[in-house]
Amino acid sequence: MTRKPEVPFPGTIEELGTVGDAGALAHYSDPAYYTKTYGKRRHDVEYYVRIARKSRGPVLEYGVGNGRVALAVAGAGVEVCGIDLSRTMLDDLEKRLAAGPPKLRSRVELRHGDMRNVRLGRRFPLVIAPFNALLHLYERTDFESFFARVLEHLEPTGRFVFDFSIPQPDDLARDPERWFGAPRFRHPASDELVRYDERFDYDQFRQLLLVTTRFTPERGKPWTIPLTHRQLFPREVEALLHYNGFADIEFTSDFTETPADRHTDSAVVSCRSARRGSRA
Ligand SMILES: C[S@@+](CC[C@H](N)C(=O)[O-])C[C@H]1O[C@@H](n2cnc3c(N)ncnc32)[C@H](O)[C@@H]1O
């Protein structure tokens with residue numbers, strides 16, 4: 001089991017909130033735990049497979065992680081190119097691909113790098129950034145760089161689709177000193193029983209939520225993992241897209257393809273380049 005974050009955890013929300021720092025990477029330093037925690041989340045995977053099939057591919061996935069979405073897309077016969085900042089998650093995906101059929105492997109191409117910088121010199125009919133990948137962009141300039149890269153990789157009639165959790169006032173208002181407990185779980189790599197609590201610290205000026213997870217095994221020392229998520233408000237997302245060259249911006253609700261509204265948890269956003277082509 002990899003417990004050590006790729007970058008050390010300095011401790012507070014004031015010191016976090018930079019792309020590539022501990023708050024952006026540590027949560028992805030234990031792929032076995034990630035898979036156990038999110039493996040049952042299927043509704044978004046089914047949605048992305050549906051739109052990938054419709055596009056006929058190839059699909060560019062930003063924040064591909066260890067392939068929760070990409071493996072399903074490739075399994076449906078669509079080629080995927082995945083970019084991720086976490087070497088650990090990509091190594092795990094490579095392992096999963098090596099254990100699968102060669103046909104699956106041949107449909108997946110991976111690139112280690114930052115979504116704000118990587119230039120592939122190719123265009124795609126569909127670019128996706130599933131499961132809150134954009135919440136790891138913290139400043140306006142991060143969004144500007146990332147959206148410029150997306151536009152460079154979109155075919156003239158291509159769509160850019162991503163989802164993000166809408167900020168919940170209750171989560172943002174939690175006492176940052178208080179730990180919220182959750183049931184114990186068996187760690188998939190070590191097989192030890194581990195207690196799990198979380199603490200939420202929200203910086204309302206920078207719109208950053210630091211979720212610190214504390215793991216306490218039955219034997220051995222506890223360890224903590226930070227996760228910093230930029231809180232994105234829907235009208236802010238619409239403005240960022242509009243002023244960075246996107247048009248035809250649609251918000252739908254929780255992967256149901258119905259319009260988003262005040263009850264939506266995950267907003268699914270679909271848009272295209274304002275300059276290139278007409279709607280796909
Ligand atoms: C919540 S995970 C999503 C993984 C996968 N798409 C899924 O749905 O399970 C977000 C991913 O974004 C990656 N990430 C964070 N910041 C990034 C950046 N600046 N550039 C590329 N990838 C990044 C993380 O390493 C992580 O694998």
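Predicted model: local features only at pLDDT ≥ 70, side-chain atom pairs only at ≥ 80, totals over all residues.
Biologist: What makes you call residues of H3 buried?

Modeller: The cut-off is 20 or more other C-beta atoms within 10 Å of a residue's own. Val45, Tyr47, Tyr48, Val49, Ala52 and Ser55 are buried in H3, so each of them meets that cut-off.

Biologist: And which elements do the buried residues of H3 pack against?

Modeller: Their partners are strand E1 (59–62), helix H4 (70–75) and strand E4 (124–129).

Biologist: Now the domains. How do you know that domain 1 and domain 2 touch?

Modeller: Contact needs C-beta atoms within 7 Å. Eleven residues of domain 1 are in contact with 13 of domain 2. On the domain 1 side, helix H1 (22–25) and strand E9 (223–230) supply at least two residues each. That side has five nonpolar, five polar and one charged residues. The domain centres, taken over C-alpha atoms, are 24 Å apart.

Biologist: What makes the shell around the ligand a matter for both domains?

Modeller: Domain 1 (13–30 + 168–230) and domain 2 (41–166 + 233–273) each give at least three residues to that shell. Of the 22 residues around the ligand, Gly63, Gly65, Arg68, Ser86 and Phe131 come nearest. By class, the shell has 13 nonpolar, five polar and four charged residues.

Technical notes. Residues numbered from 1 in each chain as written. Near = placed C-beta within 6 Å. Nonpolar A, V, L, I, M, F, W, Y, C, P; charged D, E, K, R; others polar. Domains from an automatic or database assignment. Contact = placed C-beta atoms within 7 Å. Helix = DSSP H or I, 4+ residues; strand = E, 2+ residues; numbered from the N terminus. Buried ≥ 20, exposed ≤ 12 C-beta atoms within 10 Å, placed from the backbone.
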